[in-house]
Amino acid sequence: MVFDRTAVRRHRDRAADGLSDYDFLLSEVGERLADRLDDVKRTFPLALDLGCHAGTLAATVGERGGIETLVQCDGAARMARAAAQADSDIGAHPALVADEEFLPFAERTFDLVLSSMSLHWVNDLPGVLLQINNALKPDGLFLGAMLGGETLYELRQSLLMAESELEGGAGPRVSPFAQVQDAAALLQRAGFALPVTDVDTITVGYPDALKLMDDLRGMGQSNAVRDRRKSWSRRETLLYAAELYHETYGDEEGRIPATFQIIYFTAWRPAADQPQPLRPGAAKHRLADALDTTERSAGDKARPNGTG
């Protein structure tokens, strides 16, 4: 196992009460996820928000997608309590405490499952995706967003260099995240139909690396790798990492960028009446006709200016 799930819950509980001061990234990603829901011309009366934080996504999504009831679920009790008490345009938005890796829902329960900025903390992502698929009704929709592998690469490199120089070695200070190229394959492995993945990069400007670290703590996104160093970071090391960060990545105005790579998932639970991809060779129209061009053999060489 990569992550200490007890630490994940502890970090989220610690962040719950003050999350509204640090939820800018959650709000931005939630808005982009909600935009994807707007693109689907269907209604989803019963939905699940998996890893709901303090109700940020519920406030963003509202009644989009025809949601009438949004069940909110988080592994951290304080987060779930805050989500249940948060304002929302959705008529019913109950919240419960449940581990994302052990979902307590019956098969074929939900029309829609949403998950924003939580799945990068699970140890068995293929297993969680399989459980999400099972919890959906046939032709139910899964929309998810999680951090990708390029997230916080600037901070990772700065901490690595500082610890290597000052302490003679470096431990994992920034959590590893899934790679984009694995995302679609994970959805297919979990049995989803029509899987689509895409990526956004959100770059946030900071005055210094220490403010970035404070924001990560406030978001509940502190390092929870099982092999992380358990002792407090040396102040000298953190200050040197901040200096290296500024020297390597800072701009002329003295600010530093923090990169957050977001992987989005869109997939459906299989159903008999869903569109199916054609078998190879079954197409009835030629691509060359659609493009009004001349079809050539793969061995032919193109000539200048389109001459034959």
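How many aromatic pairs does the count come to? The count comes to seven aromatic pairs, where rings of Phe, Tyr and Trp (its six-membered ring) pair if their centres lie within 6.5 Å, and planes under 30 degrees apart are stacked, over 60 edge-to-face and the rest tilted. The structure is a predicted model, in which local features need pLDDT of at least 70 and side-chain atom pairs count only at pLDDT 80 or more, while totals for chains, interfaces and linings use all residues. Residues are numbered from 1 along each chain as its sequence is written, and side-chain values use heavy atoms, with hydrogens and water left out.

A pair of aromatic rings is described by the distance of the centres and the angle of the planes. Phe3 and Trp121 form an edge-to-face pair, because their ring centres are 5.4 Å apart and their planes stand at 75 degrees. Phe3 lies in the segment before α1 (5-16) and Trp121 in the loop between β4 (110-116) and α5 (125-135), so the pair ties together parts 118 residues apart in sequence. Helices (H or I, at least four residues) and strands (E, at least two) are DSSP runs, numbered from the N terminus. Phe3 is buried at 5% relative accessible area, and Trp121 is buried at 3%; buried means under 20% relative accessible area, exposed over 50% and partly exposed in between, with a 1.4 Å probe and protein chains only.

The rings of Phe105 and Phe110 are also edge-to-face, because their centres are 5.1 Å apart and their planes are at 85 degrees. Phe110 counts as buried, with 2% relative accessibility.

Strand β7 (residues 256-268) has 12 of its 13 residues buried. Strand β6 (residues 193-206) runs antiparallel to β7 and is joined to it by 12 bridges; two strands pair if DSSP finds at least two bridges between them. Thr201 has Gln261 of β7 as its bridge partner. Strand β5 (residues 136-147) also pairs with β7 in the antiparallel sense, over seven bridges.

Helix α8 (residues 209-219) contains Asp215. Asp215 is buried, at 6% relative accessible area. Apart from neighbours within four places in sequence, Asp215 is in contact (heavy atoms within 4.5 Å) with Tyr22, Phe24 and Tyr206.
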